[in-house]
Amino acid sequence: MPIESVYPRLEPLLPRVRKPIAYVGGEVNSVVKDWDATDVRWALLYPDAYEVGLPNQGVQILYEILNEQDGVLAERTYSVWPDMEDLLREHGIPQFTVDGHRPVGAFDVLGVSFSTELGYTNLLTALDLAGIPLHSADRGGRDGDPADGPWYPLVIAGGHAAFNPEPIAGFLDGVVLGDGEQAVLKITEQIRAWKQAGRPGGRDGLLRTLAARCDVYVPGFYDVTYLPDGRIARTVPNGRGIPPVVAKHTVMDLDEWQYPRKPIVPVAETVHERYSVEIFRGCTRGCRFCQAGMITRPVRERSITTVGQMVADGVRATGFGEVGLLSLSSADHSEINEIAKDLADAYEGTNTGLSLPSTRVDAFNITLADELARNGRRSGLTFAPEGGSERMRQVINKMVTEEDLIRTVTTAYASGWRQVKLYFMCGLPTETDEDVLAIAELARKVIQAGREVTGRRDIRCTVSIGGFVPKPHTPFQWAAQCPHEVVDARLRKLGAALRANPAYGRAIGFRYHDGQPSVVEGLLSRGDRRVGQVIEAVWRDGGRFDGWSEHFSFDRWVACADQALAGEPVDLDWYTTRERDEDEVLPWGHLDAGLDPDWLWQDWQEALSGRGEVEDCRWSACYDCGVCPSMGTEIQTGPTGERLPAGTKLLPVLSVS
Amino acid sequence: MTAQQSAQKNRPTGPAPAPAVQQLLVRYAKRGRMRFASHRDVGRAFERAVRQAGLPMAHSAGFSPHPKISYASGTPTGVSSEAEYLTLLLTVATDPAGLRPVLDRALPDGIDVIEVVEDSGGSLNGRLMVSEWLVQLPGVTPDAATAAARAFLDASEVPVERLTNKGIRRFDARAAVLTLDVSPCPGAQPDHACAMIRMVVRHTEPAVRPEDVLNGLLPGGTAALSSAPAVTRVAQGVLGPEAGSREVVAPVPATVLPAVVTPDKVNVP
């Protein structure tokens, strides 16, 4: 049965909303397939505004992989702004995809990518607008009867935040941990087989198959019990054939998975306008605060030739003028200098800029600086020492010396950059006022050294601060989060210290956010299933777009947490500022990122005692984090010794008549 | 270090950008759903399209070189157009006719390149003095629209207001309007009132947009309409050479443009 586009009903409303272009689709490289020529259909939701969601690599990759398959269709949907939400409700128009403007409720699967926990309330808006019951338990099919009521899409979450999906467990049918490339294809295969077999067991039967054969975590198949003091007693399967622990997915040969090849080129302005290629996935630097580095192990590099091919194809398919070499620490690629040099050679004279969004201070060097600057463009350089004092950097295992940092930044200034951004965190475990005030001293030294090496006074450095939030699957998962009042007070002192010396005042910029949103992020990061009631209460009270300061309301979260947790022995502080013991059952304890809990605990103890620097296992001995043996994976790095072919212009040149 | 050395240091090293040898004039349309693209959105789409199409673009100098594209002022977001203009500066002389389909393919459907011709140069705005607009007003009878148009043309001044980024702006909508012709919307159902207004409006400062004219013409303005009016710019250029001409003559020969633009087809996505 064909599914009709809602566009004719939507179009008359578009002149009445802000940013109508975000809802019309039709972008270069977008795909609209014939509904009836496909039998497995995915809607992919990024639960934030179009301008943020569109460049998301995860969604772009899965969109392309799924649409490449015969008989499979994938369309994108994003969170609508409140003005559009009101109009959709007023006119009875459901949540729709921007590709075919098809109702999300008509798809087989709604895949949701969570980069951050602050998208949880937006998930509820999308479900509600789609006509999908908020609670998975209300979506039918539990008793295995395929004829019990309408079909609702399976709501399956992925992304980094999904490594602790417990706060939204009640709203999800399934969760995929880790890399999605192969997982979405396996799930697609099972859905097709289930449909062809006459939908045995209904919704419940399909979910059991996905749990048993595709390593999909189905929260409804697990029961959580609690101790009288509020801590979790245990999380156990409630049926046969359900594994007690669910492992993450890992794609091992990234050279075989060259996506995105043809990323979508937005017409609307979005947060990143560039062709991005992951040059490697995973990170073993061992920064203790970094969830991404812990859950994406091991390091798997793309070879220089694959990177070159992907960049050539991607630039040709999009027309982007900037190429981003993405990873968690891009300068750590075993052949980064060769990649940067060969790409700069290939793009000489084409006004194509290269950027390295995550660059470690100690891995940046003069070769990279020159290559990045060669084609004229100097996009922003950001370095992240994270901790202001040497002691703080030891605690978080980000071993950058002050000399390293100053040498690196002056290299950048000497190579023509006038502005460098330095990123730090505030609220780290064991942090004192002195650790934060050390940031001001560091910034002054950077400017002073920069002025000396360039002979100029117009160089600038911007100090940018984020609030630290302890994350699951990291050595800091047991830590007490720093109260927001303490973070705010330290930032005020830092601001005063930065302004204190007029000789540097204007050369140093200072950017920070207040500490309150971090508390909510902390609640959602390390929360358990009881936090779901708080999220729902906030959403029912009008909470939307919590990642946007103009929409976020701390007071609403506090009030709703008080009200929703009134009957429980736990509260907002219990989830955030409370330190956990080694023997506490953590909400994500049954979800396996491969990390050995004993190693994580030992690393946490070493952080507290200030000893035990952990070196990167790419270059030194294995430190037994546990990932490779438990997941059956291994580090894949070069060097390959290969180079990109010389003298090739990777941009097409129009034949001239 | 001398001031001169210091100034030089702030410039990118390497050769100066290649000089432009050819200027092309591009006429393009903004159709269907792409009418919701803002002027900036269209600009970015063209910047990427000239790269994707491999055009030998001239670039500005400096640390952030940009392809040399000059845009005439665009239609407001939400308004369609069959007559938008921009110029491109190229470093290698290129056949304009062969370039049209290449550029068009690199743009999203709905931002459509109609014609590319070699251009003698000079500013675009001096050659784009008037526009012809087609407006469809659902829910308004042709008789009512005719009476309103007559009253508008008879007035010496029609003050209107528009909300801009700088607050509410008041100005006269009458003086810029050269013609207003009313007819029934082509293809409208007999039981659905729908008036079509063809208007020729001079480019002035502040710009008088079709919406401003409608706000001065309709009781209650466009806000009182049951649904938003469909507006299309069908031509842009200068007035014809004869004295008193109200014909809009395009700066590009309109050989590719369909003879008649059917308004009800213009806004279908």
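**Figure 1. Helices and strands of chain B in the predicted model.** Chain B contains 6 helices and 11 strands; helices (H or I, at least four residues) and strands (E, at least two) are DSSP runs, numbered from the N terminus. Of its 269 residues, 38% count as buried. A residue is buried if 20 or more other C-beta atoms lie within 10 Å of its own, exposed if 12 or fewer, and partly exposed in between, with C-beta atoms placed from the backbone. Among contacts in chain B between residues at least 6 apart in sequence, 73% join residues at least 24 apart; two residues are in contact if their C-beta atoms, placed from the backbone, lie within 7 Å. This is a predicted model, in which local features need pLDDT of at least 70 and side-chain atom pairs count only at pLDDT 80 or more, while totals for chains, interfaces and linings use all residues. Residues are numbered from 1 along each chain as its sequence is written, and chains are lettered from A and ligands numbered from 1 in the order in which they are written.

**Figure 2. The contact between chain B and chain A.** Chain B contributes 36 residues to this contact and chain A contributes 31 residues. On the side of chain B that touches chain A, the elements giving two or more residues are helix 2 (39-52) and helix 3 (96-105) of chain B. Helix 2 of chain B supplies the largest share of that side, 8 residues. By class, the side of chain B that touches chain A has 18 nonpolar, 10 polar and 8 charged residues. Ala, Val, Leu, Ile, Met, Phe, Trp, Tyr, Cys and Pro count as nonpolar, Asp, Glu, Lys and Arg as charged, and the others, Gly among them, as polar.

**Figure 3. The largest nonpolar core and another core.** A nonpolar core is a set of buried Ala, Val, Leu, Ile, Met, Phe, Trp, Tyr and Cys residues joined through C-beta atoms within 7 Å. The largest has 218 residues, and those touching the most other members are Leu62(A), Val155(A), Val175(A), Leu177(A), Val216(A), Ile439(A) and Ala443(A). Helix 14 of chain A gives the most to this core, with 8 residues. Apart from this core lies another, of 34 residues, among them Ala83(B), Val158(B), Leu180(B) and Cys194(B).

**Figure 4. Helix 13 and helix 14 of chain A.** Helix 13 (residues 402-414) and helix 14 (residues 433-454) of chain A pack at an angle of about 45°, with their axes 9 Å apart. Axes are lines fitted to C-alpha atoms, for helices over the stretch in contact, and angles run from 0 to 180 degrees between N-to-C directions. Helix 13 and helix 14 of chain A are therefore oblique to each other: angles under 35 degrees count as roughly parallel, over 145 as roughly antiparallel, 65 to 115 as roughly perpendicular and the rest as oblique. The residues in contact include Leu405(A) and Val409(A) of helix 13 of chain A and Val446(A) and Ala449(A) of helix 14 of chain A. By class, this contact has 9 nonpolar, 3 polar and 2 charged residues.

**Figure 5. Helix 9 and helix 10 of chain A.** Helix 9 (residues 304-318) and helix 10 (residues 336-346) of chain A pack at about 35°, with their axes 10 Å apart. Ile304(A), Val307(A), Gly308(A) and Val311(A) of helix 9 and Glu338(A), Ile339(A), Asp342(A) and Leu343(A) of helix 10 make the contact.
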